[in-house]
Amino acid sequence: MRLNPTRPRAGPRAVTGLVRSLRDKREHRWSQRRMSDYIDGKLSSRARRRLEAHARLCPECGPLRRSLTVLVWELRELGRAAPPARAVAARVIERLRREAFPPL
Amino acid sequence: MSAPIPKSDETQLVQRSQAGDRLAFEELVRRHADRLYAVVLRFVADADEAEEVTQEAFLRAWRSIDRFEFRSRFFTWLYRIGINEAKRRAERRPPPGMVASIEDAPIEDAPDWSEVPEFRAQQAHLRRVLEDAVRALPIEYRAPLILRDVEGLSTQEAAEVMELREAAFKSRLHRARLAVRRAVDRYYLEGER
């Protein structure tokens, strides 16, 4: 028995649209949760293709994928830039000899 | 006095240090001090403090070397000591402009700056914005980003340094990346006005 018999039934297009919307939301949540693993190359090839397929169409996930890729690359470049040389090891050894090492 | 130590297996150096061989430990210092200093520098206020923390870390490592059980690599253990020392200092003196919380929500209408050639060309600017954004992260989120993305440790190694399970580590890393991305979004949005 229908709850509201006067309300028109949802047509096939509306049902298809709803199903697609729910699937898109599920894909969106799935992709967002795995975005960092994708950037790190940790997804299986199947999962990678699935994320990329969603990112091609999603106005959030597409830019997120691109910007995180750039960010992680730039952060890695930060790490490659050597800090100014300070002869740290020599002073560490000096302090160890003064405070911690037993006399020879 | 010990015989000169060839640059050999690090395990031997650690074992000899555990037996009290200070020359072996000095070799470990020469191998790891610069890298540890570079990591610590990203957690503390300045170069002098970073050097102090590095010295403290090696002092602690020497005093507790007998407790190192070879379950991880020596540098992982050393990084953990160094970062814990840096955290202790940071907790006593938070850096200016620290982000109070890590949110998940993206900025509305954020531009896709990764596709803008002019923005990408301003790499010096972008790097400064990134450095400031990383420095502004709360330390429990800054550490995963620095260890994994800046220093290039594997997820497993970085999670070990932080004494986190991998899933927890990856969750923090992802949120840290999103927070830094938001900082760049804000910077770019302000630049457009």
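Biologist: Where in chain B of this predicted model does Glu163(B) lie?
Modeller: Look at two helices of chain B, α8 (155-162) and α9.

Biologist: Is Glu163(B) buried or exposed?
Modeller: Count the C-beta neighbours inside 10 Å: Glu163(B) has 10. A residue with 12 or fewer counts as exposed. Glu163(B) is therefore exposed.

Biologist: What is the phi of Glu163(B)?
Modeller: Most residues other than glycine have a negative phi. Glu163(B) is not a glycine, yet its phi is positive. The value is about 55°.

Biologist: Which loop holds Phe70(B), and what is its phi?
Modeller: Phe70(B) sits in the loop between α3 and α4 (74-92) of chain B. This residue is other than glycine, and its phi is positive. The value is near 65°.

Biologist: How many C-beta neighbours does Phe70(B) have inside 10 Å?
Modeller: Phe70(B) counts as exposed. The cut-off for that is 12 or fewer. For Phe70(B) the count is 11.

Biologist: Which kind of element builds chain B, helix or strand?
Modeller: Chain B has zero strands. From the N terminus on, its elements run α-α-α-α-α-α-α-α-α. Chain B is built with nine helices.

Biologist: What share of the contacts in chain B joins residues 24 or more positions apart?
Modeller: Chain B has 193 residues, and 39% of them count as buried. For contacts, take those with a separation of 6 or more. Residues 24 or more positions apart account for 66%.

Biologist: Are α2(B) and α3(B) parallel, antiparallel, perpendicular or oblique to each other?
Modeller: The axes of α2 (residues 22-41) and α3 (residues 47-63) of chain B come within 9 Å. They cross at roughly 140°. Roughly antiparallel needs an angle over 145 degrees. The two helices are therefore oblique.

Biologist: Is the crossing of α2(B) and α3(B) left-handed or right-handed, and how many nonpolar residues are in the contact?
Modeller: The crossing is right-handed. From α2(B), the contact residues include Phe25(B), Val29(B) and Leu36(B); from α3(B), they include Val53(B), Phe58(B) and Trp62(B). One contact residue is polar and one is charged. The nonpolar ones number 13.

Biologist: Which element gives the largest share of the side of chain B that touches chain A?
Modeller: The contact takes 38 residues from chain B and 27 from chain A. Elements of chain B giving two or more residues are α2, α3, α6 (123-136), α7 (139-150) and α9 (166-192). The largest share is nine residues, and it comes from α2(B).

Biologist: How far does α3(A) reach from its first C-alpha to its last?
Modeller: Helix α3 of chain A covers residues 61-80, which is 20 residues. At 1.5 Å a residue, 28 Å is expected. The reach is close to that, at 29 Å.

Biologist: Is Pro59(A) buried or exposed?
Modeller: Pro59(A) is in the loop between α2 (45-57) and α3 of chain A. The buried residues of α3(A) include Cys61(A) and Pro63(A). Pro59(A) has 8 C-beta neighbours inside 10 Å, so it counts as exposed.

Notes
Residues numbered from 1 in each chain as written. Chains lettered and ligands numbered in written order. Predicted model: local features only at pLDDT ≥ 70, side-chain atom pairs only at ≥ 80, totals over all residues. Helix = DSSP H or I, 4+ residues; strand = E, 2+ residues; numbered from the N terminus. Buried ≥ 20, exposed ≤ 12 C-beta atoms within 10 Å, placed from the backbone. Contact = placed C-beta atoms within 7 Å. Axes fitted to C-alpha atoms, helices over the stretch in contact; angles between N-to-C directions. Parallel < 35°, antiparallel > 145°, perpendicular 65-115°, else oblique. Left-handed = near helix turned anticlockwise from the far one by under 90°. Nonpolar A, V, L, I, M, F, W, Y, C, P; charged D, E, K, R; others polar. Expected span 1.5 Å × (residues − 1).
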